[in-house]
Amino acid sequence: MASLVASVRLVVATMVICVVGYTVAILGVAQLFPETAQGSLITAADGQVIGSRLIAQDFTERRYFWLRPSAAGRNGYDATAAAGSNKSPTSADLTERARALVARFGATPERPLPAELAAASGSGLDPHISIRAAAYQAARVAAARGVPLSRVQALIGQHAFAPGGLLTPERLVNVLELNLALDGLLR
């Protein structure tokens, strides 16, 4: 009987520590970073949610920067369908998608498409593109908006960041934030 009581006390103590203690600790840490804990949402001046800095959104109009393709299949950039693809590089589906993307971007042998714009990220929902991928699209976006190319290039530079600081020399751009800046909704 004594060992049963000791076992029950141990189970209760473990539950309190692992369930209650862990939950309180995680909620406490989340309070230190409330924006991140709430999904890194971007809101308009009226408070309406426009999107998240963490999840890609599909842009198809020529006046916007386009993302790398989604691996979520027919669901587009639906976060509930987030997953990488297990298709082989020799897959006919991937080859056809790459051909369509090359045509969509107007790539030529003289002006090849950056590889990231033809291949999905691991999650299929990466909201970032490299500076090189953004620069590749700058002329199209500037022409579609009727603004000088230098203005679009300046916005790319303003929104570029190195996610790992000095450890990652490649700078990235959040496509949603860049497109909102183009629309004048994000300063």
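Biologist: Why is Arg63 called partly exposed?

Modeller: In this predicted model, Arg63 has a relative accessibility of 31%. Buried requires under 20% and exposed requires over 50%, with partly exposed in between, so Arg63 counts as partly exposed.

Biologist: What makes the contact between Glu61 and Arg63 a salt bridge?

Modeller: The side chains of Glu61 and Arg63 meet at 2.9 Å, N to O. A salt bridge needs a side-chain nitrogen of Lys or Arg within 4 Å of a carboxyl oxygen of Asp or Glu, and the pair is therefore a salt bridge. Glu61 is partly exposed, its relative accessible area being 42%.

Biologist: How do you know that Arg68 and Asp126 form a salt bridge?

Modeller: Their closest N and O atoms are 4.0 Å apart, and the cut-off is within 4 Å. The pair is counted as a salt bridge.

Biologist: Why is Glu116 said to have no salt bridge?

Modeller: The nearest side chain of opposite charge is that of Arg68, 4.9 Å away. A salt bridge requires a distance within 4 Å, so Glu116 has none, although Glu116 is buried. Glu116 lies in the loop between H3 and strand E3 (128–130).

Biologist: What makes the pair of Glu116 and Ser130 a polar contact?

Modeller: The side chains of Glu116 and Ser130 are joined at 2.5 Å. A polar contact is a pair of N or O atoms within 3.5 Å, and the pair therefore falls within the cut-off. Leaving aside neighbours within four places in sequence, Glu116 is in contact with Arg68, Pro69, Ile129, Ser130 and Ala133.

Biologist: What shows that the span of helix H3 is close to the expected one?

Modeller: Helix H3 (residues 92–105) has 14 residues and reaches 20 Å from its first C-alpha to its last. The expected value at 1.5 Å a residue is 20 Å.

Biologist: Which residue caps the N-terminal end of H3, and which residue follows the helix?

Modeller: Ser91 is the N-terminal cap, with a side-chain oxygen 3.2 Å from the backbone nitrogen of Asp93. H3 is followed by Gly106, which has a positive phi near 70°.

Biologist: Why are E3 and E5 said to pair?

Modeller: E3 and strand E5 (residues 172–174) are joined in the antiparallel sense over three bridges. Pairing needs at least two bridges, so the two strands pair. His128 has Asn174 in E5 as its bridge partner.

Biologist: What makes E3 and E4 the edge strands?

Modeller: The open sheet has three strands in the order E3-E5-E4, with antiparallel pairing. E3 and strand E4 (160–161) each pair on one side only, and they are the edge strands.

Biologist: How do you know that the salt bridge of Arg145 and Asp183 links distant parts of the chain?

Modeller: The side chains of Arg145 and Asp183 meet at 2.8 Å, N to O. Arg145 is in helix H4 (residues 131–145) and Asp183 in helix H6 (residues 175–183), 38 residues apart. Arg145 counts as partly exposed at 21% relative accessibility, as does Asp183 at 30%.

Biologist: Which residues are linked in a network of salt bridges?

Modeller: The network comprises Glu61, Arg63, Arg145 and Asp183. A search of the whole structure finds five salt bridges.

Biologist: Why is Leu182 called buried?

Modeller: Leu182, found in helix H6, has a relative accessible area of 16%. The limit for buried is under 20%, so Leu182 is buried. Leaving aside neighbours within four places in sequence, its contacts are Arg63, Phe65, Val141, Arg145, Val152 and Leu155. Leu182 and Arg63 are 119 residues apart in sequence and 8.9 Å apart in space, C-alpha to C-alpha.

Key
Residues are numbered from 1 along each chain as its sequence is written. This is a predicted model: local features need pLDDT of at least 70, side-chain atom pairs count only at pLDDT 80 or more; totals for chains, interfaces and linings use all residues. Side-chain values use heavy atoms; hydrogens and water are left out. Helices (H or I, at least four residues) and strands (E, at least two) are DSSP runs, numbered from the N terminus. The expected span of a helix is 1.5 Å times one less than its number of residues. A polar contact is a pair of N or O atoms within 3.5 Å; within protein, one must be able to donate a hydrogen and the other to accept it, and residues adjacent in sequence count only if both atoms are side-chain atoms. Buried means under 20% relative accessible area, exposed over 50%, partly exposed in between (1.4 Å probe, protein chains only). Lys and Arg count as positive and Asp and Glu as negative; His and the chain ends are not counted. Contact means heavy atoms within 4.5 Å.
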